[in-house]
Amino acid sequence: MDIFQGGIAMLRTCFSCLFVTAFSLSAMAADGDPKQKAEAIASEYAASFNKQDGAGIAALFATGGVHVNPAGPRSDIAEFYQGAFKAGFDHEEITVDQAWPLGSDMALAIGGYRLSGKNQSGAPIETGGIWTATYVTEGGKLKIRLLSAMPKPPPPK
C-alpha cells in the first residue's frame, strides 16, 4: 500500500469514527438531555433517601450496580443505606453539575451531595462531597451502573 492509499484509508477511518460519534450523540440528544435524565434519577434518589427507603434507592441501580465510597465498593445497596439511616442520616440533597452521553444507551454525570440528620444522642450530623455516576439503559430505563461518592475533606485547621 502506498502513502496515498494509506492516507485515504486513514481518512475513511476518521470519517467513520466521526459519523459514529455524531450518530451516538444525536441518538442520546433525540432521547433527551443527559443532564435532565441524571437530574430525574437524582431527584428519585433523594426522595427515596428522604423517605429512608433503601430498596427504592437500590431500584435505581442496574443489575450488578456498584456504589463506591472511601470504604470500598458495595453491591448491597439497600443494606448500605439502611446503615446510613441507622446512623441518623435522614436527608439528602443532590445536585447534577454536568452530564454527557456515552453513546445511545449510556451516560456519565458528576455533581455534589449533602447528607444531614442527627446521631443517636441527638447531635446534628452532616457530610457532603462529590459524586460521579455511569448510567446504562436496562429494561428501557436509564439506571446507575456505577456510583462513586467522595466526601469533601475537612477544612484545614
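Strands here are DSSP runs of E with at least two residues, helices are runs of H or I with at least four, and both are numbered from the N terminus. The model is a predicted one, in which local features need pLDDT of at least 70 and side-chain atom pairs count only at pLDDT 80 or more, while totals for chains, interfaces and linings use all residues. Residues are numbered from 1 along each chain as its sequence is written, and side-chain values use heavy atoms, leaving out hydrogens and water.

Is His 67 buried or exposed? With a relative accessible area of 3%, His 67 is buried; the term means under 20% relative accessible area, with exposed over 50% and partly exposed in between (1.4 Å probe, protein chains only). Not counting residues up to four places away in sequence, His 67 touches residues including Tyr 45, Phe 61, Tyr 81 and Leu 147, where a contact means heavy atoms within 4.5 Å.

Phe 61 also lies in strand E1 and is buried, at 5% relative accessibility. Beyond four places in sequence, its contacts include Tyr 45, His 67, Ile 77 and Leu 147. From Phe 61 to Leu 147 there are 86 residues in sequence and 8.9 Å in space, C-alpha to C-alpha.

Now for the whole protein. There are 4 helices and 6 strands, in the order α-α-α-β-β-α-β-β-β-β from the N terminus. Of the 157 residues, 34% are buried. Among contacts between residues at least 6 apart in sequence, 52% join residues at least 24 apart.
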